[in-house]
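Dear colleague,

Please find below the sequence and structure that I am handing over to you. My notes on what was found follow directly after it.

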Amino acid sequence: MAMTKEQLVQVKVNGRERQASVEPRLLLVHFIREVLELTGTHIGCDTSHCGACTVLLNGKTVKSCTMFAVQADGGEILTVEGLSADGQLHPLQEGFKEEHGLQCGFCTPGMLMSSYALLRTNPQPSEEEIRWGISGNLCRCTGYQNIVSAVRYAAAKMAKDTTTPVEMAGVGGKK
Amino acid sequence: MIPPAFEYLRPKTIPEAIAFLEQHGDDAKILSGGQSLIPMMKLRIARPAYLIDINRISGLSYIKEEAGFLKIGGLTREAELEASGLIRSKYPIILETAHVIADPQVRNLATVAGNLAHGDPANDHPATMLALGAQVVATGSRGDRVIPIEEFFLSVFSTALEPGEILTEIRIPVPPARSGGAYLKLERKVGDFATAAVAAQLTLDGNGAAQKVGIGLTNVGATPIKAKKAEDFLRGKKLDETNLRQAGQLASEDAQPSSDLRGPAEYKKGLVKELAKRALSRAAERAGK
């Protein structure tokens with residue numbers, strides 16, 4: 001089996017500095033799941049269609065199955081594990097719970113990350129804007145309606161409750 | 001799906017990247033957005049021994065008008081096109097094209113230059129650039145080379161880029177007054193490649209007839225297709241229903257689609273005919289405003 005020189009990857013993940021020596025061909029999603037042991041990020045299709053692997057890298061959503069870990073070196077990553085602070089659910093997580101925005105839950109981390117990114121730049125999205133914002137995330141269970149409701153719930157909550165930090169730890173990057 | 005092992009190089013400048021390309025020749029590929037290349041590597045269809053990551057090179061990400069051209073830098077992301085006030089206000093054809101490429105996550109990384117350089121006839125920007133009469137700048141060890149877009153696409157995954165060259169800029173002649181364009185794509189679902197798509201760019205003369213016509217077709221051949229018969233027909237003519245329908249018919253005759261999961265070839269030809277008519281109609285509306 002061919003192996004190449006490993007390279008050091010240093011990243012800030014959910015606010016914590018992490019590093020590991022990895023092969024260049026290690027996909028970012030495998031780095032997150034197997035090296036960092038953050039298994040909230042899912043592999044749904046492995047062909048860059050479904051978005052279950054969505055995380056934020058330097059403030060932008062990316063499909064972590066379509067990047068190599070070495071590309072993220074020096075950057076900041078936010079995964080679904082980074083959404084809640086001090087044991088409190090993020091309004092988006094609360095929204096998905098209250099509005100039944102999930103059934104099997106497999107697409108949910110990706111949906112949360114895409115919705116999170118959407119609300120950062122568009123805090124009061126219309127239904128059409130929500131659907132556009134999650135258009136890179138597929139769901140086989142819900143038919144999307146309750147996911148849209150969940151995002152609306154979160155948007156409403158975040159507008160009312162200004163003590164909720166909009167910026168979660170470790171996102172970084174420009175808006 | 002795991003790609004075969006490769007060596008990862010991260011140059012800090014264009015000359016450094018070019019030096020790596022020249023050193024490794026056919027064994028090397030440029031990694032910019034990676035949203036077309038990495039899926040191919042995961043399927044092991046692409047197996048570069050060396051991956052040259054150019055994402056840390058500064059000065060390649062810009063959208064500006066200069067010296068009569070709209071200039072788009074080689075690392076400009078699709079998401080940056082969507083967010084650009086200049087593109088949104090003056091180049092709706094480019095906005096429409098960017099909007100139908102994949103999805104928000106992919107557009108955060110995917111570059112316009114990569115969409116052209118990859119040489120996939122299913123990519124969307126090639127047809128639009130054909131319609132706009134664009135040029136691309138290929139940078140190699142001997143400097144910059146300007147390639148007209150009509151000479152750029154040779155075959156499937158094959159472009160006029162030489163082995164030691166990087167696509168560093170796209171130049172679109174700023175359209176004159178009374179110009180308008182549109183990009184219409186039919187896809188099975190959001191994010192899919194086109195079943196077929198048509199880019200249309202028009203400039204009208206003082207009488208409302210077509211003075212300049214550019215029509216590009218997506219995913220109906222081994223390369224993106226410039227619908228020359230339709231362009232030649234429409235030049236000098238009024239953009240009425242009869243002429244638009246005839247232009248659509250001629251555009252469909254230039255299409256050479258394959259039958260596949262997206263539909264039979266005859267269906268795709270019919271689709272080109274209708275999309276061309278509608279894209280030209282919308283372009284004419286925008287030109288007339």
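Among contacts in chain A between residues at least 6 apart in sequence, 63% join residues at least 24 apart; two residues are in contact if their C-beta atoms, placed from the backbone, lie within 7 Å. Please note that this is a predicted model, in which local features need pLDDT of at least 70 and side-chain atom pairs count only at pLDDT 80 or more, while totals for chains, interfaces and linings use all residues. Residues are numbered from 1 along each chain as its sequence is written, and chains are lettered from A and ligands numbered from 1 in the order in which they are written.

Chain A

Chain A has 175 residues, of which 49% count as buried. A residue is buried if 20 or more other C-beta atoms lie within 10 Å of its own, exposed if 12 or fewer, and partly exposed in between, with C-beta atoms placed from the backbone. The secondary structure of this chain comes to 5 helices and 5 strands. Here helices (H or I, at least four residues) and strands (E, at least two) are DSSP runs, numbered from the N terminus. From the N terminus on, the order of the elements in chain A is β-β-α-β-β-β-α-α-α-α.

Helix α1 of chain A spans residues 28–35, and its buried residues include A:L28, A:V29, A:H30, A:F31 and A:I32. Among the elements that cover the buried residues of α1(A) are β1 (7–13), β2 (16–22) and β3 (54–57) of chain A. After α1(A) comes A:E37, which has a positive phi near 60°.

The domain assignment of chain A gives domain 1 (7–82) and domain 2 (91–160); such bounds come from an automatic or database domain assignment. The centres of these two domains of chain A, taken over C-alpha atoms, are separated by 21 Å. In the contact between them, 14 residues of domain 1 of chain A meet 11 residues of domain 2 of chain A. On the side of domain 1 of chain A that touches domain 2 of chain A, the largest share, 3 residues, comes from β3(A). That side has 6 nonpolar, 8 polar and no charged residues. In this classification Ala, Val, Leu, Ile, Met, Phe, Trp, Tyr, Cys and Pro count as nonpolar, Asp, Glu, Lys and Arg as charged, and the others, Gly among them, as polar.

Helix pairs

Two packed helices are described by the angle between their axes and the distance between the axes. Axes are lines fitted to C-alpha atoms, for helices over the stretch in contact, and angles run from 0 to 180 degrees between N-to-C directions.

How do α2 (residues 91–98) and α3 (residues 108–121) of chain A pack, and at what angle? Their angle is about 130°, with the axes 10 Å apart, and α2(A) and α3(A) are therefore oblique to each other. Angles under 35 degrees count as roughly parallel, over 145 as roughly antiparallel, 65 to 115 as roughly perpendicular and the rest as oblique. In this pair, A:L92, A:Q93 and A:F96 of α2(A) meet A:T108, A:L112, A:S115 and A:Y116 of α3(A). The contact of α2(A) with α3(A) has 4 nonpolar, 3 polar and no charged residues.

In chain B, helix α10 (residues 241–254) and helix α11 (residues 265–288) pack at an angle of about 135°, with their axes 7 Å apart. That makes α10(B) oblique to α11(B). The contact of α10(B) with α11(B) has 6 nonpolar, 5 polar and 5 charged residues.

Chain B is divided into domain 1 (7–53), domain 2 (63–173) and domain 3 (179–282). Between the centres of domain 1 and domain 3 of chain B, taken over C-alpha atoms, there are 34 Å.

The contact between the chains takes 24 residues from chain B and 25 residues from chain A. On the side of chain B that touches chain A, the largest share, 5 residues, comes from α6(B). The residues of that side of chain B divide into 14 nonpolar, 6 polar and 4 charged.

Lastly, B:N219 is not a glycine, yet its phi is positive, near 65°. B:N219 lies in the loop between β13 (210–218) and β14 (225–226) of chain B, and B:N219 counts as buried, with 28 C-beta neighbours inside 10 Å.

With kind regards
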